[in-house]
Amino acid sequence: MTFSETKLSGAFIVGLEKFEDERGFFAHSWSEKEFAARRLDSRLVECSISFNWKRGTLRGMHYQAAPHAQVKMVRCTKGAIYDVIIDVRAASPTFKQWVGVELTAENHSMLYIPTGFAHGFQTLEDASEVFYQMSEVYAPESGRGVRWNDPAFKIAWPEPVTLINERDRTYPDAPG
């Protein structure tokens, strides 16, 4: 696997090192040893799938607060998404900055999201599916979010939002 750190400290784009032959390819998509060697949280306890019917669907921006803060590893297994993370760590030098990455079934890239980051995505194709691996189980009482279009972040979404649920649409503006 390859690890490319984003401009947000601790967040990585993870690529596959493919071993190809006439049948196709083989690649590791997870290695506790490789993540631990980079001092990244390598504990995974829960996996989830998000399926989205329509292009332009937006989910986010979500995170879990302590004591249930989650590391996430996100991969698009069908279709394409524009995956966005925001640094919501108040003491961080990149507080309120964001990064967007195109994840597709074809590019096989993944995004490693450390704790302290809000996460969301917009579908770029109909029938897009996203696979999540998390370091902590989902705990509704620790669930938090920031609004996808909060002017404090100035996220440049690639397409008009065609579908978003009430909760994601009405999160409050980020605090000071």
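**Exercise 1. Contacts of threonine 6**

Find which residues threonine 6 is in contact with, leaving aside its neighbours within four places in sequence. Then decide whether threonine 6 is buried or exposed.

*Solution.* The model is a predicted one.
- Step 1: Threonine 6 sits in the loop that runs between strand 1 (2-5) and strand 2 (12-15).
- Step 2: list the contacts. With neighbours within four places in sequence set aside, threonine 6 is in contact with Ala11, Phe12, Ile13 and Val99.
- Step 3: check the accessibility. The relative accessible area of threonine 6 is 14%, and buried means under 20%. Threonine 6 is therefore buried.

**Exercise 2. Backbone exceptions**

Most residues other than glycine have a negative phi, and most peptide bonds are trans. Determine where a cis peptide bond joins glycine to methionine and which peptide bond from alanine to proline is cis. Then find what phi lysine 96 has and what phi alanine 127 has.

*Solution.* 
- Step 1: take the bond to methionine. Glycine 60 and methionine 61 are joined by a cis peptide bond with omega of about 15°. Methionine 61 belongs to strand 6 (residues 58-64).
- Step 2: take the bond to proline. Between alanine 66 and proline 67 the peptide bond is cis, and omega is near 10°. Proline 67 is in the loop between strand 6 and strand 7 (72-78).
- Step 3: take lysine 96. Its phi is positive, near 70°, and lysine 96 is found in the loop between strand 8 (80-87) and strand 9 (98-104).
- Step 4: take alanine 127. Its phi is also a positive value, near 55°. The loop between strand 11 (117-123) and strand 12 (128-134) holds alanine 127, which is buried at a relative accessible area of 17%.

**Exercise 3. Salt bridges**

State how many salt bridges the structure holds. Then work through three of them, beginning with the partner of aspartate 21.

*Solution.* 
- Step 1: give the count. The structure holds seven salt bridges.
- Step 2: take aspartate 21. Its side chain meets that of arginine 23 at 2.4 Å, N to O. Aspartate 21 is partly exposed at 33% relative accessibility, whereas arginine 23 is exposed at 75%.
- Step 3: take glutamate 159. A salt bridge of 2.7 Å, N to O, links its side chain to that of arginine 55. Glutamate 159 lies in the loop between strand 13 (143-145) and helix 2 (166-169), and arginine 55 in the loop between strand 5 and strand 6, so the pair ties together parts 104 residues apart in sequence. Arginine 55 is partly exposed, at 45% relative accessibility.
- Step 4: take glutamate 166. The closest N and O atoms of glutamate 166 and arginine 169 are 2.5 Å apart in their salt bridge. Because these two residues are three residues apart in helix 2, about one helical turn separates them. Glutamate 166 is partly exposed at 47%, and arginine 169 is partly exposed at 38%.

Note on methods: Residues numbered from 1 in each chain as written. Predicted model: local features only at pLDDT ≥ 70, side-chain atom pairs only at ≥ 80, totals over all residues. Heavy atoms only, no water. Helix = DSSP H or I, 4+ residues; strand = E, 2+ residues; numbered from the N terminus. Buried < 20%, exposed > 50% of the residue type's maximum accessible area, 1.4 Å probe, protein only. Contact = heavy atoms within 4.5 Å. Salt bridge = Lys/Arg side-chain N within 4 Å of Asp/Glu carboxyl O.
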